[in-house]
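Reader: I'm new to this one. Can you show it to me and walk me through it?

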Amino acid sequence: AERNRGRSTFLRPRPPARDMAAVAAMTARIAHRSANGIPRRGTIGRRARISARKPPRRPLAPPVAADSDGGFGAGVATAPGVNRTDALDAHVPIDRFYTGLRQLHASPDVFVVDDFVTPEQCDSIVAAASTRAMDQSPVVYAGWTNDVGDVINTAARGPALWLAALVTVVTAGSAGPGLGAGVAGVAAYAGAVAIAGGVAVANVKQKESALKALRTSTSCALDGASDGERAYVAAAEALMPGSDCARFEAPTVIRYRAGQRLAPHFDANRGADVEDANRGGQTLATLLLYLNDVDAGAGGVTRFGRLNLEVTPRKGQCLVFFPAAEDGAFDDRVEHEGTEATEEKWICRIWRHEREVPPPFGLPVGYRPR
C-alpha cells in the first residue's frame, strides 16, 4: 500500500484475481442489499476502512538496528504506555525461545532471527532463482472490492434512488401511472448502479497503473526444490508451531538492483476474504530472509516508518512480523518499505496465510521440506 502524505492507498505485490463477470455479480448483490436495507457482511476490522480522522501518533523511540547485541527482547522500541492487550497483538504463535530470535519492537511485534539458514543455503536459493525469469515484481491495488463496494453503496442509496424516482415521476406524467412507470424507474436505478460500478473499477485500474512505478524490483516464485528452500521452509515451520507449510505461499525471491525500491505498503489486505480467497485468505505472517549482506548506510534497508524502525540486511538473517492478527484483522501499524538500493540486494519471502494455499500460489500438493 503506497503511503501518500495524509492518505493511504493499498498496494499488494501479487496479481489480481478478478474479471468483469465477478464485478457485475458483486454489483448486483450490493445493489440488492442496499435497496432492501440489508447491512453489509464481513468481519469487523477486516473489511473496515481507515477513519478519515487520523489516530493520535505515538511518540517515536530512537531507531533500532537489527544487529543490536542481546538475546530475547533486545532492542525493544515500544513507546511508553502502549497497551499490550491490543487485539491486533494476538498474532500467529511463534516459538519465543527459537535459537537466534531477537525482538526489535513490541506491539506490534517485530523480530529478527540470526542464522535462520546457512550462507550456503542462501547461495542455493539465489542459484535456484537465477535459473528462472526474473520479471518486474507484480503490483495490485489491494482492497479494490471495498472501494468498488463503497461507491456502489453510495450510488445505490442516493443518486440511483433519486434518478429512479425522477424517471418514474416523469414517465407517469407523460404516459400515465402504471407498470410502465415502475419498470422505467427500476431500469434507471439498475443503470445508474452499473455505471457507478464501472467508474469505480476504471478508477481502480488507473490507480494500479500508477502504483507500478512504486515497485521497481524483479522477482520469481520458487517451488521449494533446492536445499536452501527446504531449509527455509523447515525453519519457518519450526519458528511458528502449528503452522504447516501447506499454509505458506511458495518462497518468492526478490532482487533489487541499484536504484530500485519498494514504496511503503502493507502485506495484508482489507479485502482478503474476497480478493485472496483462492490463495489462502488473509496474510497473517511475513518472513523476509536476507540472502546477501548490504553495507550499513548503503540503502536497501527494510523500514517501518510508523515504528521508526530500520533493518539492515544481513545474510542468513530473517525478519519476522505480522501484517494481520490471527483472526485476520488488518494491522496498519506494520506499513513498511524497501528503501532505494545502492548495491544489489536479494531477499526471499514467505507469507503464512489463514488457510491452505493451493498451487500455483502455494507449494506442491503433499510437499514436505524434509
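This is a predicted model: local features need pLDDT of at least 70, side-chain atom pairs count only at pLDDT 80 or more; totals for chains, interfaces and linings use all residues.

Reader: How many salt bridges are found in the whole structure?

Author: A search of the whole structure finds 15.

Reader: Which residue pairs with E337?

Author: R303 does. Their side chains meet in a salt bridge, 3.7 Å from N to O.

Reader: Is E337 buried or exposed?

Author: E337 is buried, because its relative accessible area is 16% and the cut-off for buried is under 20%. R303 is partly exposed, at 31%.

Reader: What about R306? Which residues does R306 bridge to?

Author: One is D332, with a salt bridge of 3.6 Å, N to O. R306 also forms a salt bridge with E335, where the closest N and O atoms are 3.1 Å apart.

Reader: Where are R306 and E335?

Author: R306 is in the loop between β12 and β13, and E335 is in the loop between β14 and β15. This pair links distant parts of the chain, 29 residues apart.

Reader: And how exposed are R306, D332 and E335?

Author: R306 is partly exposed, with a relative accessible area of 24%. D332 is partly exposed too, at 23%. E335 counts as buried, at 5%.

Reader: New topic. How many helices and strands does the chain have?

Author: The protein chain comes to 7 helices and 16 strands.

Reader: Which strands form the open sheet?

Author: There are 8 of them, in the order β4-β5-β14-β11-β16-β9-β8-β6. The pairing is antiparallel.

Reader: Which are the edge strands?

Author: β4, at 101-105, and β6, at 135-136. Each of these pairs on one side only.

Reader: How many bridges join β8 to β9?

Author: 4 bridges, and again the strands run antiparallel. S219 turns up here as well: it stands opposite I254 in β9.

Reader: And how many join β9 to β16?

Author: 5 bridges join β9, residues 252-256, to β16, residues 345-353. These two run antiparallel. R255 stands opposite W346 in β16.

Reader: Which strands does helix α2 touch?

Author: Helix α2, residues 119-130, packs on the sheet and touches β8, β9, β11 and β16. Its direction makes about 90 degrees with that of β16.

Reader: Pick a residue in β11.

Author: Take L289, which is found in that strand.

Reader: Why does L289 count as buried?

Author: Because its relative accessibility is 0%, and buried means under 20%.

Reader: What is L289 in contact with?

Author: Leaving aside neighbours within four places in sequence, its contacts include F116, V117, I125, Y232, W346 and C348. L289 and Y232 are 57 residues apart in sequence, yet their C-alpha atoms are 8.3 Å apart in space.

Reader: How about contacts across the chain? What share join residues at least 24 apart?

Author: 83%, counting contacts between residues at least 6 apart in sequence.

Reader: How much of the chain is buried?

Author: Buried residues make up 51% of the 370 residues.

Reader: One last residue. Where is E229?

Author: E229 is in helix α6, residues 227-239.

Reader: Which side chain of opposite charge is nearest to E229?

Author: R132, at 6.1 Å. E229 is buried yet has no salt bridge.

Reader: What polar contact does the side chain of E229 make?

Author: One with the side chain of S226, at 2.6 Å.

Reader: And which other residues is E229 in contact with?

Author: Beyond its neighbours within four places in sequence, E229 is in contact with I125, A128, L222, D223 and G224. I125 is also among the contacts of L289.

Technical notes:
Residues are numbered from 1 along each chain as its sequence is written. Side-chain values use heavy atoms; hydrogens and water are left out. Two strands pair if DSSP finds at least two bridges between them. Contact means heavy atoms within 4.5 Å. Axes are lines fitted to C-alpha atoms, for helices over the stretch in contact, and angles run from 0 to 180 degrees between N-to-C directions. Buried means under 20% relative accessible area, exposed over 50%, partly exposed in between (1.4 Å probe, protein chains only). Lys and Arg count as positive and Asp and Glu as negative; His and the chain ends are not counted. A salt bridge is a side-chain nitrogen of Lys or Arg within 4 Å of a carboxyl oxygen of Asp or Glu. A polar contact is a pair of N or O atoms within 3.5 Å; within protein, one must be able to donate a hydrogen and the other to accept it, and residues adjacent in sequence count only if both atoms are side-chain atoms.
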